[in-house]
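Hi,

Here is the model I said I would pass on. Have a look first, and then see my notes below.

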Amino acid sequence: MVTAATLMETRSPAPNLRPTMPAAATGQPAGTAAPAAEVLIDIDHLDFFYGASQALYDVSLRLDTRKVTAFIGPSGCGKSTLLRCLNRMNDLIDGTRVAKGSIKIRGVDINRPDVDVIELRKRVGMVFQKSNPFPKSIYENITYGLRLQGATTKARLDEVVEKSLRGAALWEEVKDRLHTSGLGLSGGQQQRLCIARAIAVEPEIILMDEPCSALDPLATAKVEELIHELKTKFTIIIVTHNMQQAARCSDKTAFFYIGRLIEYADTQQIFMNPSNPQTEAYVSGRFG
Amino acid sequence: MEPSRAAEPAEFLTGRRKFHLFGLTIDECIKVFFGGNAVVSVVVLALITIFLFKEGFGFFGLNQQSLRVYRQAGLEYVDIIRAQQDDHTALTRYLSDLRLRQFNYFTQQQHLAPAEANQRLAGFDEFADRFGGAVGPIRGLVSDLTETVTAIKDKFTNTENRKEERRQLLAEGRTADAAKVEITAVDFAAELKPLLATRPAYVEANAEFARQLSAVIASAPAMPIPDLQARMDRFKQLTGEYLAGFPAVEQKLKTWDYTRPVPWYQTVTSFILGRDWVTASFWQDWYGVIPLFIGSLMVSVVALFFAVPLGVGAAIYINQIATPLEQKLIKPAIEFISAFPSVVLGFFGVAVLGQALRALSQQPSLAWVPGFPFSERLNILTAGCLLALLAVPTIFTLAEDALNNVPRSFKEASFALGANRLQTIVKIIMPASLSGIISAVLLGLGRVIGETMVVLLCAGNRIAIPDFTAGLAVITQPVHTMTGIIAQEMGEVVRGSIHYRALFVVGLVLFFLSLLINYVAQRIVRRYRISIG
């Protein structure tokens with residue numbers, strides 16, 4: 001309680017809570033973090049509501065191509081909500097709305113009424129907190145997205161299955177039982193199967209919503225290793241409660257608190273030298 | 001102070017002040033109350049089952065005796081000839097139908113006046129009369145023989161009644177009176193002699209019959225149009241087949257032997273495979289469950305045909321598509337249907353739906369629908385529609401449960417891969433909940449097959465196997481059902497009679513059918529739980 005009260009106090013005298021926004025956010029040439037990075041997702045002053053309660057307050061954030069960005073923060077801070085805004089999964093929940101601001105992917109506002117949300121979700125894949133393979137075979141799990149897009153030739157499907165499973169570092173473990181149920185795999189394997197399923201449709205961006213929270217340390221290590229490999233091909237955004245994980249596998253980190261973006265910077269800076277006292281309090285484990 | 005403080009907890013532990021009822025603690029009372037309730041239900045169920053079996057199984061012995069008398073008294077012999085006569089009647093009906101078609105052709109296509117059309121049909125009428133009249137001698141023979149064998153059967157029945165009378169007197173201890181009751185055993189061999197002596201006469205009559213039919217067929221008039229001519233050719237063909245069957249009939253009569261024993265299994269097969277349910281007949285009672293079973297099945301199939309798409313469709317809509325407001329309105333509305341007393345629904349069927357369906361069927365624009373127009377307002381379709389209404393809440397509620405059990409994460413994963421709502425429902429939600437939906441349908445079937453009031457009021461109650469040669473139009477025919485027959489006839493049978501017991505066996509069939517359906521549904525649900533994990 002004391003810490004929370006302190007936080008409230010510290011916030012009011014400092015209304016500008018994004019002092020460390022990268023230079024790119026202000027329109028200047030990106031020079032601080034990664035000179036070659038290209039802005040892929042541009043979130044601009046976003047307000048988001050679940051019915052009457054506001055979940056995100058004025059969030060602005062720019063994410064670069066082929067980087068891993070971690071969203072951290074205590075429970076209920078809005079990090080998962082923001083993640084789900086990026087492929088409009090929140091549409092599935094009644095009464096949700098973007099009240100203000102915009103999210104642009106490659107310059108296109110994804111909340112525009114003429115945007116094809118199905119096309120969007122093909123470009124922005126998602127891996128969920130709890131592994132959720134369909135009650136079908138491993139093979140069918142992976143080809144599900146492709147078949148929706150009309151790919152039917154066996155040769156093509158076989159190729160994608162192998163490629164995706166190799167990409168998710170699962171091929172060696174399951175190649176002999178592709179036609180058995182995906183639910184027969186262990187928890188870590190199931191989660192990697194879900195990652196394979198997501199990359200099978202070749203998205204540009206992969207959203208991961210606490211992908212390791214239900215896994216044991218060994219399985220977590222495998223998934224983290226995988227994230228490291230995947231970032232050469234995909235832009236990855238990962239929501240995590242585990243700060244070590246954020247520190248280990250992300251290039252950039254955004255810290256959220258009660259619906260607001262408190263700080264966004266290179267991961268190293270967030271963990272070693274945060275500029276906001278709240279961030280420091282959180283990453284040093286004083287609350288959350 | 002020290003000893004008293006030590007005594008306190010000890011007193012607490014002995015529980016001296018605990019509440020007791022009939023020497024039981026309150027915990028034990030609760031256990032006895034709930035356990036007692038469970039035991040009472042199980043015992044009552046067991047008693048009902050035992051009663052069903054006890055009353056039902058007596059049927060098979062009685063039925064065997066009935067079948068034995070059927071043979072010994074010569075009824076079977078007469079029925080062989082009667083079947084031949086009945087086949088002839090069927091052919092005459094074909095001719096009447098053909099006449100009607102010709103008449104319609106003349107009046108509607110040729111626009112002739114009815115009188116003129118009848119005049120044109122004079123030749124055909126003469127042909128039909130000769131065809132119909134040829135059976136005369138055979139019919140006479142059958143009717144004579146019927147009297148003979150009925151008399152034999154009556155004698156046997158009388159003897160049985162005497163035996164029963166004596167048994168009762170003996171039971172009352174009136175030995176003297178019992179001795180006075182005369183019992184003369186029926187000598188079937190002697191009684192049947194005159195019957196068997198008529199066989200040469202039959203063979204002669206039959207030869208004449210065959211000769212006449214052949215002659216009549218040879219002089220069949222030509223039909224005005226090819227369509228009708230095709231029917232006439234078909235008729236000739238049928239008659240040819242009929243005539244070809246004569247030697248077999250004669251052979252059957254020749255080898256018929258009243259002493260041949262009725263095998264033990266025939267009492268069961270005659271019930272399970274019997275195609276006739278004839279009761280309180282002067283001739284012979286038949287207890288064959290097939291017409292009733294088919295009636296129940298047809299009504300249920302029609303009901304499910306309507307109820308499955310409605311129930312499952314509504315469940316999918318409510319579970320996957322509807323807004324919360326729609327859910328709040330539609331769900332209770334569907335579940336409310338089951339609050340209707342089924343007799344009210346049946347009444348509605350008799351008074352409104354039957355009429356409405358018949359009126360609808362007579363719309364010229366709907367004549368293409370199989371079975372339309374129909375004139376029987378109470379039939380399989382009417383009963384099926386109403387039963388569908390009763391099955392919808394069951395199927396809806398259980399199917400919705402099954403859909404609800406599909407983890408939300410499946411749906412999200414599917415959407416996240418770029419599936420639209422329809423693809424998600426068809427490819428993910430439905431397969432994942434399929435076994436739950438199937439068991440919902442099965443339990444809906446159980447609900448429908450056991451329903452009594454609606455079918456009793458609306459199915460038409462004609463005890464006959466519907467004519468499946470009519471194709472889909474079969475659903476506009478009236479039927480009787482297993483549940484309906486029990487409700488209808490149980491009130492008017494003599495307790496302990498063969499008819500009474502036959503109804504119990506029908507009840508047993510229903511019992512096992514429901515048991516099977518529920519068992520299969522439960523098995524499916526259990527497997528489904530395992531597969532979802």
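Bear in mind that this is a predicted model. I started with a helix pair in chain B: α3(B), residues 75-109, packs on α6(B), residues 136-172, at an angle of about 155 degrees, and their axes are 9 Å apart. Since angles over 145 degrees count as roughly antiparallel, that is what α3(B) and α6(B) are to each other. Their crossing is left-handed.

Who touches whom there? On the α3(B) side you will find L75(B), V78(B), I81(B), R82(B), Q84(B) and Q85(B), and they meet a set in α6(B) made up of I138(B), R139(B), L141(B), V142(B), L145(B), T146(B), V149(B) and K153(B). Sorted by class, this contact of α3(B) with α6(B) has eight nonpolar residues, plus three polar and three charged.

Next, the contact between the two chains. Chain A puts in 20 residues and chain B 19. On the chain A side, α3 (117-123), β6 (124-127) and α4 (138-148) each supply at least two of the residues touching chain B. That side of chain A splits into 11 nonpolar, four polar and five charged residues. Mind the labels when you click through: α3 of chain A covers 117-123, while α3(B) covers 75-109.

As for chain A as a whole, I count 11 helices and 10 strands. Of its 288 residues, 44% are buried. Taking the contacts in chain A between residues at least 6 apart in sequence, 68% join residues at least 24 apart.

Cheers

How values were computed
Residues are numbered from 1 along each chain as its sequence is written. Chains are lettered from A and ligands numbered from 1 in the order in which they are written. This is a predicted model: local features need pLDDT of at least 70, side-chain atom pairs count only at pLDDT 80 or more; totals for chains, interfaces and linings use all residues. Axes are lines fitted to C-alpha atoms, for helices over the stretch in contact, and angles run from 0 to 180 degrees between N-to-C directions. Helices (H or I, at least four residues) and strands (E, at least two) are DSSP runs, numbered from the N terminus. Angles under 35 degrees count as roughly parallel, over 145 as roughly antiparallel, 65 to 115 as roughly perpendicular and the rest as oblique. A crossing is left-handed if the near helix is turned anticlockwise from the far one by less than a right angle, and right-handed if clockwise. Two residues are in contact if their C-beta atoms, placed from the backbone, lie within 7 Å. Ala, Val, Leu, Ile, Met, Phe, Trp, Tyr, Cys and Pro count as nonpolar, Asp, Glu, Lys and Arg as charged, and the others, Gly among them, as polar. A residue is buried if 20 or more other C-beta atoms lie within 10 Å of its own, exposed if 12 or fewer, and partly exposed in between; C-beta atoms are placed from the backbone.
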